[in-house]
Structure formats: C-alpha cells, structure tokens
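Trainee: I have a new model to read. Could we go through it feature by feature?

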Amino acid sequence: MAESRDHITCREAVELVSDYFESALPVDEVELLEQHLNLCRGCESYLEQMRIMIDSVGRIREEDVPAQTRERLLAAFRRWRRS
C-alpha cells in the first residue's frame, strides 16, 4: 500500500494478516490494520481464528501428519500458488 490512506478494506486486512503476525508491516500499515480491526467484527474474528490456527498448527510435528494427508495438503498448496 504505497499511497497514504485513512482506511483499508476487509480484503486488504486479510492480505496483511500474515505480515502482521510476523511483525513485518510498516508502522502506518499496522495502524490502518488495527484501526480496521477495531471497527470490523468480521475481520477481528478472522484474526483471532488465525491466531488459534497458528498456535494449534505450531504444535504439530511433521511425523504427526499421515503421509497421505501431507501429500494432499502439499498438492492443494501447489494448486493455490499456481492460481
């Protein structure tokens, strides 16, 4: 988001979540995202769901995932990246 703005859309908020969790956003984008989250219960809920998912998935070891499931997940991510 190169231009200076006073708000962001829900779509933009969702796109910023990963960088937000990794503390990789510029201060102005953090402020816009947090302002949006204060006003948008849907995005606030999405952010909380992502926090829960990251916390849960972070505890799973590779050997805990059955090989067939791992292959299906990898195939899904590959399809997603191509689209």
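Trainee: Which residue forms a salt bridge with Arg-61, and how far apart are the closest N and O atoms?

Mentor: A salt bridge is a side-chain nitrogen of Lys or Arg within 4 Å of a carboxyl oxygen of Asp or Glu. Here Glu-63 pairs with Arg-61, with the closest N and O atoms 3.6 Å apart. Keep in mind that this is a predicted model, where local features need pLDDT of at least 70, side-chain atom pairs count only at pLDDT 80 or more, and totals for chains, interfaces and linings use all residues. Residues are numbered from 1 along each chain as its sequence is written, and side-chain values use heavy atoms, with hydrogens and water left out.

Trainee: How many salt bridges does this rule give?

Mentor: The count is seven. Arg-70 and Glu-62 make one of them, at 4.0 Å from N to O. Shared partners also link Arg-61, Glu-63 and Asp-64 into one network.

Trainee: How are Glu-15 and Arg-11 placed in helix H1?

Mentor: Start with the term. Helices (H or I, at least four residues) and strands (E, at least two) are DSSP runs, numbered from the N terminus. Glu-15 and Arg-11 sit four residues apart in helix H1 (residues 10–21), so about one helical turn separates them. Their side chains meet in a salt bridge of 3.3 Å, N to O.

Trainee: Is Arg-11 buried or exposed?

Mentor: Buried means under 20% relative accessible area, exposed over 50%, and partly exposed in between (1.4 Å probe, protein chains only). Arg-11 has 65%, so Arg-11 is exposed. Glu-15 is exposed too, at 52%. Arg-70 counts as partly exposed because its value is 25%. Across the 83 residues of the protein, 18% count as buried.

Trainee: Which residues form the nonpolar patch on the surface?

Mentor: Patches take residues with over 30% relative accessible area and no salt bridge; like charges are joined within 9 Å, nonpolar side chains (Val, Leu, Ile, Met, Phe, Trp, Tyr) within 5 Å. Accessible areas come from the Shrake-Rupley method with a 1.4 Å probe; for residues, only the protein chains shown count as cover. Here the patch is Met-53, Ile-54, Val-57 and Ile-60, with about 330 Å² of accessible area together. Met-53 lies in helix H3 (residues 41–57) and is partly exposed at 38%.

Trainee: How many helices and strands does the protein have?

Mentor: Four helices and zero strands. From the N terminus on, the order is α-α-α-α. The C-alpha trace spans about 45 × 25 × 20 Å along its principal axes.
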